[in-house]
Amino acid sequence: MDYKIAVIKGDGIGPEIIDQAIKILNKIGEKYNHNFQYIEALAGGAAIDKTGSPLPEETLEICRKTDALLFGAVGGPKWDKLKGTEKPEQGLLKLRKKLGLYANLRPAVMFEELKDACPLRADLVKGGLDILIVRELTGGIYFGKKTTMGDKAIDQMEYSKYEIERIAHKAFQIAQRRNKKLVSVDKANVLETSRLWRRTFKEIAKEYPDVELSHMYVDNAAMQLVTNPKQFDVIATENMFGDILSDEASVITGSIGLLPSAALGVNYGMYEPIHGSAPDIAGQGKANPIATILSAAMMLKYSFNLQKESEIIENAVKKALSLGYRTTDIAKNGEQTVSTKEMGDIVTELIGQ
Ligand code: IPM
Ligand code: MG
């Protein structure tokens with residue numbers, strides 16, 4: 001089969017980590033007879049430098065012509081002085097909005113091999129963690145009306161029922177394929193949008209009687225994630241709560257450099273590592289390419305329905321870790337490390353075996 005993939009390398013470590021993921025996709029293509037074609041596009045700081053805009057129209061056109069998008073990372077101190085609406089991050093937010101990528105899947109999985117890196121007490125995470133955060137990605141305070149009038153600024157938080165319905169369906173369907181437990185996180189004791197959110201989740205729950213739905217306030221959820229993380233399987237929440245909780249969840253796995261994500265719309269998916277562009281280590285071969293490699297694996301699973309190939313990548317990554325290969329971010333003091341490219345080569349080789 002032929003698959004067309006838009007590729008946005010972005011800024012900082014973006015190019016070096018994307019190159020590793022492409023190497024792995026090519027290996028999978030070679031081995032299982034798929035033809036992956038890549039079309040590069042610009043977004044973020046790299047796009048600002050070349051075109052003046054963090055998301056040129058041409059990039060959207062390329063995305064619309066392809067089956068999925070592989071995304072590195074955007075941003076960096078070079079563009080810090082730009083106004084909010086002109087910053088590299090705007091490229092990412094606009095991509096999400098314009099491509100209708102409303103469902104953000106952020107798995108937080110603890111790799112057995114790296115359990116020492118978990119900042120929580122060992123007994124709290126015994127047996128490992130496997131949480132999936134389903135974050136609403138195109139609504140809420142991120143996209144509500146924004147105004148500044150002198151000394152007053154307003155960010156409006158808005159949700160329409162259909163936006164909550166579609167993310168609820170997505171979350172229930174994912175919960176059905178996992179352990180059938182869904183926690184919906186909101187702030188329904190204070191926010192109108194959260195009350196609508198909770199009512200809508202309760203309604204949609206009737207269509208999924210096999211899934212156990214519970215509700216939690218976001219402040220409590222933030223606390224429960226560090227005191228009793230094993231209670232969670234699938235968490236569904238609105239845009240900003242999901243932004244915050246997914247950073248928290250990722251760091252308790254001890255490995256933000258390992259975690260991938262998917263942003264899904266009706267017919268399109270964008271796949272990117274959870275971490276940022278890490279400008280401080282860009283170009284030094286220190287970045288961990290695994291989150292991006294696993295994002296490519298998610299692409300195979302969710303956009304191309306290539307379940308087996310996706311698992312082969314995941315297993316190759318686990319194997320590389322169990323063989324003791326470490327990039328600097330996950331190495332313990334004194335442990336020998338491999339470079340970004342070496343890690344990519346090792347995983348590629350393991351796929352070939
Ligand atoms: C994320 C990031 C983005 C967000 C930023 C870069 C706009 O933090 O993907 O979690 O807030 O959504
Ligand atoms: Mg974030």
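How far from an oxygen atom of ligand 1 does a polar side-chain atom of Arg-135 lie? The distance is 2.9 Å.

This is a predicted model, in which local features need pLDDT of at least 70, side-chain atom pairs count only at pLDDT 80 or more, and totals for chains, interfaces and linings use all residues. Residues are numbered from 1 along each chain as its sequence is written, chains are lettered from A and ligands numbered from 1 in the order in which they are written, and side-chain values use heavy atoms, with hydrogens and water left out.

**View 1. The two domains of the protein chain.** Domain 1 covers 1–106 + 258–353, and domain 2 covers 119–252. These bounds come from an automatic or database domain assignment. The domain centres, taken over C-alpha atoms, are 24 Å apart. Domain 1 brings 13 residues to the contact and domain 2 brings 18. Contact means heavy atoms within 4.5 Å.

**View 2. The interface of domain 1 and domain 2.** About 1500 Å² is buried between the domains, 65% of it on carbon and sulfur atoms. Buried area is the accessible area (1.4 Å probe) that two parts lose on being put together, summed over both. Lys-97, Tyr-102 and Arg-106 lose the most area on the domain 1 side, together 45% of what that side buries.

**View 3. The domain 1 side, by element.** Helix H4 (88–98), strand E4 (103–109) and strand E11 (260–264) each give two or more residues to the side that touches domain 2. E4 gives the most, with 4 residues. Helices (H or I, at least four residues) and strands (E, at least two) are DSSP runs, numbered from the N terminus.

**View 4. The surroundings of ligand 1.** Glu-89, Leu-93, Arg-96, Arg-106, Arg-135, Tyr-142 and Asp-243 surround ligand 1, each with a heavy atom within 4 Å. A side-chain N or O atom of Arg-96 is 2.7 Å from a ligand oxygen. For Asp-243 the corresponding distance is 2.9 Å.

**View 5. The salt bridge of Arg-96 and Glu-272.** The closest N and O atoms of this pair are 3.7 Å apart. A salt bridge is a side-chain nitrogen of Lys or Arg within 4 Å of a carboxyl oxygen of Asp or Glu. Arg-96 lies in helix H4 and Glu-272 in strand E12 (residues 269–273), so the pair ties together parts 176 residues apart in sequence.

Conventions:
Polar contact = N/O pair within 3.5 Å; in protein donor to acceptor, adjacent residues only side chain to side chain.
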